[in-house]
Amino acid sequence: MRIFEPQQVRKKYLLIPAMPTPNGRLHLGHMGGPFLKMDILARLYRRNGHQAEVMSASDVYESYTLMKSFRTHLPVQTVCNDFHELIVKDLSAMLVECSHYFNPLEEAFRTTVDDTYRDTLEKLTAAGAVVKRTEKVLYSPSADKYIVGTWLKGKCPHCHSDAGSYLCEACGMQFNPEDVLEPAAVTGETDLEEVTVESFFLKITQPEALIAYIHKMGVPDINLEIVQRYLTHYNNEVRLTNPGKWGVKWQNDVWRGENYNVVFPYSGLLSLSRVCGGLYPAGQHPFSKDSEVITIASFGIDSTVPWFVGVLGSCLATDELKPFDYFLTNHFYRLEGSKFSTSRSHAIWAADIVNKTKASVDAVRYYLTKNNPEFEEKDFFVQDFISLNNHFLVERLNNQIEKCWHYLEPAEVQPISDSLLRALEAALETQSAYLEPPRQQLAESLTVFDGWVKRLTDKNIWKLQPYWALKSIALLAYPVMPQMSQALWTALSAAGAPSLESFLAIEPVVKKDPLPRFFEVLTYEDLLPCLPATLTQATTQPPTSSRILLDFMEPEVEAGIMEVREVNLINNEERIAPFKASRFEVYPGQQSPLDKHEVRECWFISQGKGEVVYNGSEVVPVSSGDVLYFESNQSHQVTNTGEDQLIIFSVWWKK
């Protein structure tokens, strides 16, 4: 099959997720957007035989680091350095692999970063794309600071929502400080004076070319509408500098106190991207005009103007820089109906949900992928996550993987069947189409994986071709669930990471130990160590679609014979039904233990066929669709006489 052959053309990619402000850790709202997108895409490209490097940096010159410094009474450099390290830990916990994630304040990077900031503005000035404008801003003599950026609050001039700094999260528009309605100082200064300063702006001299390039990128209409509205309202100009004390100096003229003109951090996004490009493995710089490296950035909808107008507009303004090839955007991700908030501690920190609970990183990544804010706002619902983990990842996927490993006979592995190979090739191609730009669709990509799990079950491939069932799962799941995929790949004695090129090779499997259990049954109590005080079990209600679903308890397993999973019928310490229930499976050729009890019981045969011995003498053949009733104190035992699992649902109650 052609997709399993070595790539004749090995493409090169540089993937840059949004550069977070190091004034806090990364929560699942951050992860559910650009970081997960870029990691999934990088793993897809590498699996498919290409080179993909994920690089990013902490945006240390963003003014919100000053607010954290003010609140904590720590030097701003300390704030940036400390949170940079915590961000690195959150990325690592979520298995987001960055070739480089650097701190611009580190000695190894600071000179390069600052010089690149200035070089970018010099290139734009030489191209005649920079204009100087006077603007009115507020200044506090007692605090010796301009009330701009993190210090400014008021209402958005475009949609009248509460807003601050330079942009509105409600409508996505960027604005200038003098446009803010009802302006005030966040930190309460009242000795505010309106003063005039001179700032530099990028002039988009050919807005039609910018719009045409954005069209070519294939971005959602909402981003294009924001760009067009902004360009029209602000005369095709976007900010390059602003007054302040923290940042890279553009002009050394001191205006008031210790304030001078610094490079606007949103404009610095291009410069940080160029620094990332300089770290790309040997070859042409990804942003040089003739580079073959495909560059992709990912960010939230609130950063539309900085990236589309500031970054892309700057690239198009000079002949020296190659513009990004693709932008991938996302909407806001909420936690139980409210915006993730660092200031209110309304957040689930990425490292906490993985390191402080039984939740696996793959389960979190799977949920964030399936419930992703690609095209509209979405919510992380705690109960919904628990339900998805328990019903699909544990009950369907993990249990089938364990049974498949049981069936695997290393000495009997045969080449993959043509029909399965053709089906897998189609699944991989469809998955790649969903995950690649310009219109990446993370949630849709999982329909391919979910469908593959169902195919393996419906066609009994878990049992008939266990080696290829496990290997195909590792291959398809790798972009989203790398921990499980790598473990399966390694257990099958395959070298390196899952890849198309090495898929068809049959390696001698050493089947010494059982596979690790990749997913564990979760309860609300299991997640308490990572949940914020803003949530309680009463407030974390699952969406309508999953409120009626019940969870199974931990399985009782008799290795190689059967396993039983009782239904959890306890809610808020109260039993919700006058009976108990379970689901159990008896493996082919195996027999359940002889059972006798005071309760009455009904069995519903869901799958397979078998033979029941009742009261020591009555023998009853059973198959899918049959229902049996056992009177109290009557012995019963079932033998699986078929080739598939015998699956039975049981309900029992007292007289």
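The legends below describe close-up views of a predicted model.

**View 1. Helix 15 and its span.** Helix 15 runs over residues 466–477, and its 12 residues reach 16 Å from the first C-alpha to the last, close to the 16 Å expected at 1.5 Å a residue. The helix is mostly covered, with 12 of its 12 residues buried; among them are Pro 466, Tyr 467 and Trp 468, as well as Lys 471 and Ser 472.

**View 2. The surroundings of helix 15.** The buried residues of helix 15 pack against helix 1 (28–47), helix 11 (382–407), helix 12 (418–435) and helix 13 (442–458), and also against helix 14 (461–464) and helix 16 (482–491).

**View 3. Ile 473 in the largest nonpolar core.** The largest nonpolar core has 102 residues, of which Phe 380, Phe 449 and Ile 473 touch the most other members. Helix 11 gives the most to this core, contributing 11 residues. Ile 473, which is one of the buried residues of helix 15, touches Leu 397, Ile 401, Phe 449, Trp 452, Val 453, Leu 456, Trp 462, Met 484, Ser 485 and Leu 488, when residues up to four places away in sequence are not counted. Another core, of 73 residues, lies apart from this one, and includes Val 60, Ile 147, Val 180 and Phe 324.

**View 4. Lys 471 and two aromatic rings.** Lys 471, a buried residue of helix 15, lies over the face of Trp 489, at 5.2 Å from the ring centre. Lys 471 also lies over the face of Phe 503, where the distance from the ring centre is 5.8 Å.

**View 5. The stacked pair of Phe 299 and Trp 307.** The structure holds 31 aromatic pairs, and one of them is formed by Phe 299 and Trp 307, whose rings are stacked at 5.1 Å centre to centre with 5 degrees between the planes. Phe 299 and Trp 307 are both buried.

**View 6. The edge-to-face pair of Trp 307 and Phe 327.** The ring centres of Trp 307 and Phe 327 are 5.8 Å apart and the planes stand at 75 degrees, so this pair is edge-to-face. Because Trp 307 lies in helix 8 (residues 304–317) and Phe 327 in strand 15 (residues 326–330), the pair ties together parts that are 20 residues apart in sequence. Both Trp 307 and Phe 327 are buried.

**View 7. The aromatic cluster around these pairs.** Phe 299, Trp 307 and Phe 327 belong to one aromatic cluster, together with Phe 287, Phe 308 and Phe 324. Of these residues, Phe 324 is also named among the members of the core of 73 residues.

Terms used
Residues numbered from 1 in each chain as written. Predicted model: local features only at pLDDT ≥ 70, side-chain atom pairs only at ≥ 80, totals over all residues. Heavy atoms only, no water. Helix = DSSP H or I, 4+ residues; strand = E, 2+ residues; numbered from the N terminus. Expected span 1.5 Å × (residues − 1). Buried < 20%, exposed > 50% of the residue type's maximum accessible area, 1.4 Å probe, protein only. Contact = heavy atoms within 4.5 Å. Core = buried A, V, L, I, M, F, W, Y, C linked by side-chain atoms within 4.5 Å. Phe/Tyr/Trp six-rings, centres within 6.5 Å; stacked < 30°, edge-to-face > 60°. Lys NZ or Arg CZ within 6 Å of the ring centre and 35° of its normal.
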